[in-house]
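The sequence and the structure are shown first.

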Amino acid sequence: MSLAELFTATREQGRAALVGYLPAGYPTAAGSKSMLRAMVDGGCDLVEVGVPYSDPVMDGPTIQAAATQALEAGFRLRDVFEVVESISSAGGRAVVMTYWNPVNRYGVDAYARDLAAAGGLGIITPDLIPDEADEWLAASTEHGLDRIFLVAPSSTEERIARTAKASSGFLYATSVMGVTGARDVVSSAAPELVRRVRAHTDLPVGVGLGVRNGAQAAELAAFADAVIVGSAFVSKVAEGEQAVADLAAELAQGVRGAAAVA
Amino acid sequence: MNEQHDPHGPDERGYFGPYGGRFMPEALIAALDELTTVYEKASVDPEFTGEFQRLLRDYAGRPSLLTEVPRFAEHAGGARVLLKREDLNHTGSHKINNVLGQALLTKRMGKKRVIAETGAGQHGVATATACALMGLDCVVYMGEVDTQRQALNVARMRLLGAEVIPVTSGSRTLKDAINEALRDWVTNVDSTHYLLGTAAGAHPFPVMVRNFHKVIGIEARQQVLDLTGRLPDAVAACVGGGSNAIGIFHGFLDDPGVRLVGLEPGGKGVDSGHHGATLTAGTPGMLHGARSYLLQDEDGQTIEAYSISAGLDYPGVGPEHSYLKDLGRAEYRSVTDAEAMAAMRLLSRTEGIIPAIESSHALAGALELGRELGPEGIVLVNLSGRGDKDMDTANSFFGLVEQGES
């Protein structure tokens with residue numbers, strides 16, 4: 001099922017999609033596969049498989065530490081395709097979230113080819129803007145992958161329009177100015193940003209940065225097409241697969257408008 | 001100062017040939033656009049350029065001297081060696097040029113808070129100085145390893161009123177200080193200017209920082225002509241991120257007979273894997289916002305750099321240097337820790353000038369260049385900073401102070 005089909009389905013069901021993030025190779029190569037499986041089984045409609053990177057400037061301490069652990073455990077770039085394949089072959093949906101230098105180093109077209117072969121649906125690119133993405137625009141078209149670019153509260157109308165035009169699948173709205181990490185309060189900037197984005201595009205809009213529980217997920221689901229949860233899942237990994245699945249289930253209830261009472 | 005009429009680029013997207021650009025989060029693009037606009041307007045505004053020139057003269061102490069060093073040059077095959085004395089600027093290095101320019105821009109943008117990264121502490125001290133002068137809040141990120149080997153500069157920054165935050169992630173050096181500064185910037189971009197200290201990073205930083213440092217090369221070219229009646233055969237400068245080098249090189253880019261030689265930190269030797277010789281041993285990739293040469297493994301993970309010099313301990317390099325390398329207009333060599341330290345001691349003992357370890361890499365390169373050129377040669381060296389900050393490192397390296405003596 002493509003991202004377009006996923007969002008058609010969730011819109012018909014009158015709910016937001018739940019998107020969960022976990023770095024490949026965290027806590028180990030095998031461990032990340034079972035944790036991501038638990039996220040899918042718990043109710044994630046889509047998972048973002050993160051690529052551990054040595055210089056994650058958009059990430060807060062939780063994801064930085066997970067990336068460092070994965071790299072120290074010997075994560076290699078090609079491992080990400082195996083992780084994606086393990087999700088897609090089990091009927092899950094996966095995109096990759098990656099800083100751009102590893103993709104550039106691998107070869108943009110080769111990376112797109114291998115990701116598509118593994119059943120991956122697209123790439124979220126936190127440090128690649130459409131202005132710099134000619135090679136990726138071509139490779140993603142060639143290999144049938146979606147391009148999920150980011151917009152931020154600081155984006156101008158012109159940039160939102162340009163970014164939306166270059167994107168497919170969905171648009172990733174960073175709801176606060178800042179790095180990744182669970183927060184107590186969901187940003188008040190998020191509804192305004194989503195409203196601005198909708199003036200330029202019919203693409204689904206996913207909101208991320210800071211969500212950690214069902215109540216926050218419900219709050220975002222009221223105006224976003226997808227609720228994206230990262231650091232909260234990464235933190236849960238230490239408690240094991242069941243805890244990860246439980247968090248996914250709580251968030252899945254949240255995106256259906258029912259805030260779970262923990 | 002007006003790069004719109006500068007034949008040396010970059011293009012309007014910040015590219016020097018294939019290098020440069022903006023590999024940055026969308027959240028920072030608006031700030032980069034604002035900075036570009038404000039900088040371009042300021043660079044043709046006599047009020048701004050006049051104030052910048054006044055500060056360089058009355059506060060930083062420009063023009064800096066050109067000093068010929070004949071006793072040192074005896075070890076350089078008899079070639080004439082001339083030092084551009086950026087070490088004599090206020091705060092002790094070339095860094096003050098860029099910092100004064102960007103601090104003025106910060107005020108123009110109506111921002112009250114400045115963040116900066118620092119390796120050796122020279123840029124941090126310069127930034128803390130300019131912020132004190134202009135009444136701006138200042139936060140400096142510095143790798144924990146560097147706060148230890150450059151403790152004196154930490155004290156200077158704090159005395160100047162800056163907050164110094166030791167960075168404990170990654171290699172705990174300059175690269176990670178930049179990461180942490182970028183994380184702060186993306187969170188506080190409305191109120192905060194990131195005063196990047198080298199001619200690297202996303203557009204417009206490489207061109208802007210270079211242009212604030214161009215004064216080094218412009219002055220030096222005239223001073224060499226006045227002293228010797230001709231242009232130098234070679235210009236030597238150390239390259240970490242590459243700001244002092246690009247500043248002095250620019251004065252000579254249109255003089256094809258002048259060789260431009262960048263000296264990278266060879267650490268324990270490029271073959272040892274413990275070095276920071278990005279242009280000598282790296283491959284093109286993206287780090288900290290620009291496409292440029294980079295020390296990276298086959299998966300695109302950054303390889304941690306190593307150098308005895310905190311200011312050169314960086315796995316990236318400014319994009320214009322990458323372009324000059326590919327064009328063949330500049331050449332890049334590496335100098336080991338031991339060679340740099342020997343040059344530091346030699347200049348101290350022959351000329352009574354204690355250079356920074358960073359600049360000592362350029363001096364070591366000049367010794368080699370002089371021997372290649374012979375007695376007719378003239379080598380201009382950018383003495384980018386003074387060595388006071390490096391006395392702890394020099395003491396451990398040379399064993400200058402016996403235990404119990406101090």
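The paragraphs below treat strands, helices and aromatic side chains in turn.

This is a predicted model, in which local features need pLDDT of at least 70 and side-chain atom pairs count only at pLDDT 80 or more, while totals for chains, interfaces and linings use all residues. Residues are numbered from 1 along each chain as its sequence is written, chains are lettered from A and ligands numbered from 1 in the order in which they are written, and side-chain values use heavy atoms, with hydrogens and water left out.

**Strands.** Helices (H or I, at least four residues) and strands (E, at least two) are DSSP runs numbered from the N terminus; two strands pair if DSSP finds at least two bridges between them. In chain A, 9 strands form an open sheet with parallel pairing, in the order β5-β4-β3-β2-β1-β9-β8-β7-β6. Its edge strands, β5 (146–148) and β6 (150–151) of chain A, each pair on one side only. In chain B, Leu287(B) stands opposite Ala290(B) of β12(B). The hairpin of β11(B) and β12(B) has 2 residues between the strands, and His288(B) there takes a positive phi near 55°.

| Strands | Sense | Bridges |
|---|---|---|
| β1 (17–23) and β9 (226–229), chain A | parallel | 4 bridges |
| β11 (283–287) and β12 (290–294), chain B | antiparallel | 5 bridges |

**Helices.** The axes (lines fitted to C-alpha atoms over the stretch in contact, with angles from 0 to 180 degrees between N-to-C directions) of helix α1 (residues 26–43) and helix α8 (residues 174–188) of chain B come within 9 Å and cross at roughly 80°. The two helices α1(B) and α8(B) are therefore roughly perpendicular, a term for angles of 65 to 115 degrees. Contact (heavy atoms within 4.5 Å) involves residues including Ala27(B) and Leu28(B) of α1(B) and Trp185(B) of α8(B).

**Aromatic side chains.** Rings of Phe, Tyr and Trp (its six-membered ring) pair if their centres lie within 6.5 Å; planes under 30 degrees apart count as stacked, over 60 as edge-to-face and the rest as tilted. The count over all chains is 15 aromatic pairs. Tyr194(B) and Phe205(B) have ring centres 6.3 Å apart and planes at 55°, so this pair is tilted. It links strand β8(B) to helix α9(B), with the two residues 11 residues apart. Tyr194(B) is buried at 2% relative accessibility, and Phe205(B) is buried at 2% as well; buried means under 20% relative accessible area (1.4 Å probe, protein chains only). Tyr39(B), Phe48(B), Phe52(B) and Phe212(B) form one aromatic cluster.

Note on methods. Buried < 20%, exposed > 50% of the residue type's maximum accessible area, 1.4 Å probe, protein only. Parallel < 35°, antiparallel > 145°, perpendicular 65-115°, else oblique.
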